[in-house]
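User: I would like to learn how features of a protein model are read, one at a time. Could we begin with how secondary structure is assigned?

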Amino acid sequence: MPPRLQVKTEDCSPLGLYVLQYLEEQDISMNHLAELAGVPQPRLRGACFKGTCPTPETLRKLAKIMGKHHLELYTLAYQGRIEQVPEDVDDNLLDILIRQMLETARELNLAMPKIQPSKAKIRKALIELGFREKREEIS
């Protein structure tokens with residue numbers, strides 16, 4: 001029996017869309033996924049909606065069951081909330097870049113740093129990835 005979708009796709013955040021896709025692919029219900037993850041069903045359902053802020057614990061539990069790194073789900077949950085992104089950056093490119101970075105870290109079995117990298121290290125890494133300084137136009 002196919003899963004009963006309890007939320008509409010138009011009401012979903014990127015995380016919610018991913019969860020709905022996972023439910024369809026696995027042919028399970030949201031109730032069953034919540035049970036497997038050890039997350040109350042209302043919390044899982046609520047995490048799927050636009051504008052919600054799922055807890056890191058919820059994302060970790062979900063990621064474990066879904067076979068993903070919790071930062072991948074975190075990226076989906078908080079997509080569009082990254083501050084100071086230049087207006088001309090294509091949102092899809094940024095999303096793809098973040099996912100690829102997290103997937104690569106997982107494939108290489110890299111652990112998260114224990115200390116947050118300095119802005120200088122992050123800047124250097126971004127430049128190496130192809131980011132460039134945005135020059136102000138002279139009128």
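Analyst: Helices (H or I, at least four residues) and strands (E, at least two) are DSSP runs, numbered from the N terminus. In this predicted model, local features need pLDDT of at least 70 and side-chain atom pairs count only at pLDDT 80 or more, while totals for chains, interfaces and linings use all residues. Residues are numbered from 1 along each chain as its sequence is written, and side-chain values use heavy atoms, with hydrogens and water left out. The protein has 7 helices and 0 strands, and methionine 101, to which we shall return, lies in helix α6 (residues 91-107).

User: How many salt bridges does a search of the whole structure find?

Analyst: In general, side chains of opposite charge can pair when their charged atoms come close. A salt bridge is counted when a side-chain nitrogen of Lys or Arg is within 4 Å of a carboxyl oxygen of Asp or Glu, and the search of the whole structure finds 1. It joins the side chains of lysine 61 and glutamate 57, with an N to O distance of 3.0 Å. Lysine 61 and glutamate 57 are separated by about one helical turn because they are 4 residues apart in helix α4 (residues 56-66).

User: Are lysine 61 and glutamate 72 buried, partly exposed or exposed?

Analyst: Buried means under 20% relative accessible area, exposed means over 50%, and partly exposed is in between (1.4 Å probe, protein chains only). Lysine 61, at 30% relative accessibility, counts as partly exposed, as does glutamate 57 at 40%, whereas glutamate 72 is buried, with a relative accessible area of 7%. Over the protein, buried residues make up 28% of the 139 residues.

User: With which residues is glutamate 72 in contact, leaving aside its neighbours within four places in sequence?

Analyst: Contact means heavy atoms within 4.5 Å. Glutamate 72, which is found in helix α5 (residues 70-77), is in contact with Leu102, Glu103 and Arg106 once those neighbours are set aside.

User: Which residues make the nonpolar surface patch?

Analyst: Patches are made of residues with over 30% relative accessible area and no salt bridge, where like charges are joined within 9 Å and nonpolar side chains (Val, Leu, Ile, Met, Phe, Trp, Tyr) within 5 Å; accessible areas come from the Shrake-Rupley method with a 1.4 Å probe, and for residues only the protein chains shown count as cover. Here Met101, Ile122, Leu126, Leu129 and Phe131 make a nonpolar patch of about 410 Å², and methionine 101 itself is partly exposed, with a relative accessible area of 42%.
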